[in-house]
Amino acid sequence: MTAAADHFVRDDAAAPVEIRFDHVSKTFGRHGTGDLFRAVDDLNLEIRSGELVAILGKTGCGKSTMFNMIAGLLEPSEGRVMVSGHDPFSQFDWFRGKIAIVFQNDRLLPWRTAIQNVALGLEMLGISKAERFATAQHWLTKLGLGGHENDYPHALSGGMRQRVSIARAFATNANILLCDEPFSALDEMTANRLREEFARLVRENGKTAVFITHSINEALQIGDRIVVLLRPAKIAYDVKLERDASAAANDEVRARIRQVLAV
Ligand SMILES: Nc1ncnc2c1ncn2[C@@H]1O[C@H](COP(=O)(O)OP(=O)(O)OP(=O)(O)O)[C@@H](O)[C@H]1O
């Protein structure tokens, strides 16, 4: 049996579909040649509202390409991507403030304080100054940064800066969070703590989150569901995780993922 044939079909139809890939392929032209390179290959995927989905795959398997299609930054070559019932590429403006992205590096503006960085997204949405600073303060406090509002990024540790960027994502009140390895540059203890807090905040606030990672352990720690991609991006394994799964059940999923990624 091939790994692809093992695609686990989910029957959880309770929540509406928030993100849908319908037979999506993406090809890129190779410079100086007439060749087309296929980064995503006939991908079918449904992510339901409120899910925290960890996306795992080998380097170059098309995770970022997939992510950029959700964010409306790339158009599929074939098939259709729908997010919240809209086409993110052709209706890019409709998505203003509805999708927030957390990157691997914090991408804070060095000349703005923590609170000014968090308030920036709200400023671009036209929120009044008083409201945006109150919201930014609320989220900085939630992320444990009370007292650091007026610190500049250079005065904060890597973990604290990533807390600011998470506060910035939540402050916009976007329903969908796209996270591109946000904790991979942090030391394991800091990353561990932040993963727990991030997952809790996603669940408490009913967000739909897509979380790209290279780490099986991180995927197991954070996800409600893990989707493993082959190269080019196509689903090899799709598993829903029990919140209070036993160590043995997690070991079984871990072994299955290793097997799929070894193909
Ligand atoms: N704009 C582009 N033009 C040409 N090729 C591209 C472009 N963007 C991505 N690719 C190619 O598509 C493939 C998938 O890239 P992508 O960045 O989506 O993978 P990834 O899984 O996110 O990789 P990583 O794990 O290294 O972050 C790679 O081989 C990459 O070189």
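**Exercise 1. The ligand shell**

Which element gives the most to the shell around the ligand? List the residues that surround the ligand, then sort them by class.

Solution. The structure is a predicted model.

Step 1. The residues around the ligand are F28, F37, A39, G57, T59, G60, C61, G62, K63, S64 and T65.

Step 2. Two elements each supply two or more residues to this shell: strand β2 (36-48) and helix α1 (63-70).

Step 3. Helix α1 gives the most, with 3 residues.

Step 4. By class, the shell has 4 nonpolar, 6 polar and 1 charged residues.

**Exercise 2. Confidence**

State what pLDDT the protein has on average, and find where the pLDDT is below 50.

Solution. 

Step 1. The mean pLDDT of the protein is 90, and 95% of its residues reach 70 or more.

Step 2. The stretch with pLDDT below 50 is residues 1-11. In the model, this stretch has 17 contacts beyond near neighbours in sequence.

Step 3. For the complex, the predictor gives an ipTM of 0.93 and a pTM of 0.89.

**Exercise 3. Helices α2 and α4**

Decide how α2 and α4 are oriented to each other, and name the residues that meet.

Solution. 

Step 1. Two packed helices are described by the angle between their axes and the distance between the axes.

Step 2. The axes of α2 (residues 114-124) and α4 come within 8 Å and cross at roughly 30°.

Step 3. Angles under 35 degrees count as roughly parallel, so α2 and α4 are roughly parallel to each other. Their crossing is right-handed.

Step 4. On the α2 side, the contact uses A114, N117, V118, G121 and L122; on the α4 side, it uses V164, A167, R168 and A171.

Step 5. The classes in this contact are 6 nonpolar, 2 polar and 1 charged.

**Exercise 4. Helices α3 and α4**

Describe the packing of α3 against α4.

Solution. 

Step 1. Helix α3 covers residues 129-142 and helix α4 covers residues 158-171. The angle between them is about 130°, and their axes are 9 Å apart.

Step 2. The helices α3 and α4 are therefore oblique to each other, and they cross in a right-handed way.

Step 3. T135, A136, W139 and L140 of α3 meet A167, F170 and A171 of α4.

Step 4. This contact contains 6 nonpolar residues, 1 polar residue and no charged residues.

**Exercise 5. Helices α2 and α3**

Work out the orientation of α2 and α3 and the makeup of their contact.

Solution. 

Step 1. The axes of α2 and α3 come within 8 Å, crossing at roughly 125°.

Step 2. The pair α2 and α3 is therefore oblique, with a right-handed crossing.

Step 3. From α2, the contact takes A114, I115, V118, A119, L122 and E123. From α3, it takes R132, F133, T135, A136, Q137, W139 and L140.

Step 4. These residues divide into 9 nonpolar, 2 polar and 2 charged.

**Exercise 6. Backbone exceptions**

Solution. 

Step 1. Most residues other than glycine have a negative phi, and most peptide bonds are trans.

Definitions and conventions
Residues numbered from 1 in each chain as written. Predicted model: local features only at pLDDT ≥ 70, side-chain atom pairs only at ≥ 80, totals over all residues. pLDDT = per-residue confidence, 0-100. Contact = placed C-beta atoms within 7 Å. Axes fitted to C-alpha atoms, helices over the stretch in contact; angles between N-to-C directions. Helix = DSSP H or I, 4+ residues; strand = E, 2+ residues; numbered from the N terminus. Parallel < 35°, antiparallel > 145°, perpendicular 65-115°, else oblique. Left-handed = near helix turned anticlockwise from the far one by under 90°. Nonpolar A, V, L, I, M, F, W, Y, C, P; charged D, E, K, R; others polar. Near = placed C-beta within 6 Å.
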